[in-house]
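Reader: I would like a close look at a single part of this model. Please keep the answer connected and brisk.

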Amino acid sequence: MSDPRLAVVVLAAGAGTRMRSKKAKVLHPIAGVPMIGHVLATARELDPAHVLTVVRHQRDEVSAAIAELSPEAIVVDQDDVPGTGRAVEQAVSALPADFDGEVVVVSGDVPLLDAATLAGLVAAHRGAGAEATLLSAVLDDATGYGRIVRDADGGVDRIVEHKDASDAELAIAEINSGSYVFSVAALRTHLPSLTTENAAGEKYLTEVVGLLRAAGQPVAAVPVAEPWIVGGVNDRAQLSEQARRLNAIIVRGWQLAGVTITDPATTWIDLAVTIGEDTEILPGSRLLGATTIDRDAVIGPDTTLVDCEVGEGASISRSEATLAVFKAFATVGPFSFIRPGTELGGGGKIGAFVETKNAKIGRGTKVPHLSYVGDTEVGEESNLGAGTITSNYDGVNKHRTTIGRNVRIASHTVLVAPVRIGDGAYTGAGAVVRKDVPAGSLALTVAPQRNIEGWVEQKRPGSASAQAAADADGQTPAEPTA
Ligand code: UD1
Ligand code: CA
């Protein structure tokens, strides 16, 4: 049962000017999830009766993302009066008139704030019977944040925004994290009286604190356990800092779950990824999107997997793969480029400098060197020799290549699709295969070799080659001795 006395408001209407981006700030991803997705997940964990998001800038993109990430959230449009105070005022007016519980306010640009911290804030607020409780932090560098001004008794007196602060106030290290719990009554009473008479020309939510205190009502502040939890993302430097922190948490989580990760600093793992026990992730690897990795695999070094499925004991080295499936004990790399729709069967191999796309490669089949395999199906236990190319595109349409099981494609074969190679068939080196090859046949397409004797001495007289030929006296090189 959700908490009928709890509402969460997520602020996401700001312009995010300091990001200098076409993309709305709250849609910039960290760990593969838009920032606002992390905040909405935290809101959901509190199990409130209402989740409201306030949008304005790039409202269509932002509200589409919200609808996908948290369909139950109510989207409120902020009008052209700017400021966090106006945003919360409009969210509160979208709550049912008879709602008389507490309103948690968080920002869409504070992605690492966790539900346990907020639940603690709500409990402290309710326990103290306060009208407002804010989450505070003490920072080494408080630049940009609102400062908490305390009175002679050490109680919270008001919040002053950086832009409006005196030099003495700027020296205060205790900041407003931008996350709060208010009684809805306090908001209903004080938000309508906010003005835009300040340095930013905005209605500041933070002014409600001073108004409550002036009315003699209790306001509390609860310090956060670690300042980074409430780190806001206003620019791209802060975006990368918070992304690195979240990544460190994710990497450590997998290490404690039995995954060897040799270099956390160069390993990036998205939130949705799963990894089995005793898998090793080597330096410079990125596991992105909905990638899943089974146990005992070895990934890296320098490997990127996007939305891939990796089976038990498989290994992938110095390669890049997207939307691909690698079955148990398959091996890939180094230096291969695996495009969407690739499926490599159990124990199969994609070796060095191979590109694949829409290629279903059977169990135990090998594509060891320098190949392009696209729009292709290969049966089990076949071998595609070095330099095999499927020529799948005629300039207008893509065509399919079908190769059976236990086939031996010789080096430098071009398979001109559409074409089918039957089970157990062979091709000769350098073949350009334009017609189907029946099961068990050998396909030869290269003209028989003709040696024109004495050509060099006749046509290149006096050259070093001609001299070498004369010295050899027509002999082919001797067999190397063992
Ligand atoms: C705000 C606080 C500041 C606090 C800091 C913590 C105010 C006035 N100041 O400052 O005390 O230290 O957060 O990170 O609240 N937004 C709207 N509508 C608007 C303006 C902003 O929805 O009209 C949203 C933004 O999208 C953002 C959040 O509110 O998610 C905070 O806005 P921002 O402009 O980043 O406030 P700060 O200057 O960081
Ligand atoms: Ca901010």
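Reader: Take Glu355. Is Glu355 buried, exposed or partly exposed, and what is its relative accessible area?

Author: A caution to start: this is a predicted model. Glu355 is partly exposed, because its relative accessible area is 27%. Its salt-bridge partner is Arg339. The closest N and O atoms of the two are 2.6 Å apart. Arg339 sits in the loop between S25 and strand S26 (343-344), and Glu355 in strand S28 (residues 355-361), so the pair ties together parts 16 residues apart in sequence. Arg339 also counts as partly exposed, at 26% relative accessibility.

Follow S28 onward. The loop between S28 and strand S29 (366-369) holds Arg363, while Glu381 lies in the loop between strand S30 (372-378) and strand S31 (383-384). The side chains of Arg363 and Glu381 form a salt bridge, 3.6 Å from N to O. These two lie 18 residues apart in sequence. Arg363 is partly exposed at 44% relative accessibility. Glu381 is partly exposed too, at 34%.

Ser336 counts as buried, because its relative accessibility is 4%. Its side chain reaches the backbone nitrogen of Val354 at 2.9 Å. Setting aside neighbours within four places in sequence, Ser336 is in contact with residues including Arg318, Ser319, Glu320, Phe353 and Val354.

For contrast, take Val396. Val396 is in the loop between strand S32 (389-391) and strand S33 (401-403). Val396 is exposed, with a relative accessible area of 65%. From Val396 to Gly37 the C-alpha distance is 42 Å, and 359 residues separate the two in sequence.

Next, the wider setting. The chain is divided into domain 1 (3-230) and domain 2 (236-443). Their centres are 46 Å apart, taken over C-alpha atoms. The contact takes 14 residues from domain 1 and 11 residues from domain 2. Together the domains bury about 1,100 Å², and 69% of that is on carbon and sulfur atoms. Ala31, Leu112 and Trp228 supply 44% of the area that domain 1 buries against domain 2. On the domain 1 side, strand S2 (29-30) and helix H1 (35-45) each supply at least two residues.

A calcium ion (ligand 2) is also present, coordinated by Asp109 (OD) and Asn234 (OD1) at 2.6 to 2.7 Å. Asp109 lies in the loop between strand S6 (102-107) and helix H4 (115-128), and Asn234 in the loop between strand S11 (219-223) and helix H8 (236-256), so the pair ties together parts 125 residues apart in sequence. Both residues are buried.

Eight of the 10 residues of helix H3 (residues 84-93) are buried, so the helix is largely enclosed by the rest of the structure. Its cover includes strand S1 (3-12), strand S4 (48-55) and helix H6 (184-190). Glu89 is one of the buried residues of H3. Glu89 forms a salt bridge with Lys203, with the closest N and O atoms 3.2 Å apart. Lys203 is in the loop between H6 and helix H7 (207-214), 114 residues from Glu89. Lys203 is buried at 11% relative accessible area, and Glu89 is buried at 16%.

Key: Residues numbered from 1 in each chain as written. Chains lettered and ligands numbered in written order. Predicted model: local features only at pLDDT ≥ 70, side-chain atom pairs only at ≥ 80, totals over all residues. Heavy atoms only, no water. Donors = N, O, S within 2.8 Å, 3.2 Å for Na, K, Ca; no water. Helix = DSSP H or I, 4+ residues; strand = E, 2+ residues; numbered from the N terminus. Buried < 20%, exposed > 50% of the residue type's maximum accessible area, 1.4 Å probe, protein only. Domains from an automatic or database assignment. Contact = heavy atoms within 4.5 Å. Buried area = accessible area lost by both parts, 1.4 Å probe. Polar contact = N/O pair within 3.5 Å; in protein donor to acceptor, adjacent residues only side chain to side chain. Salt bridge = Lys/Arg side-chain N within 4 Å of Asp/Glu carboxyl O.
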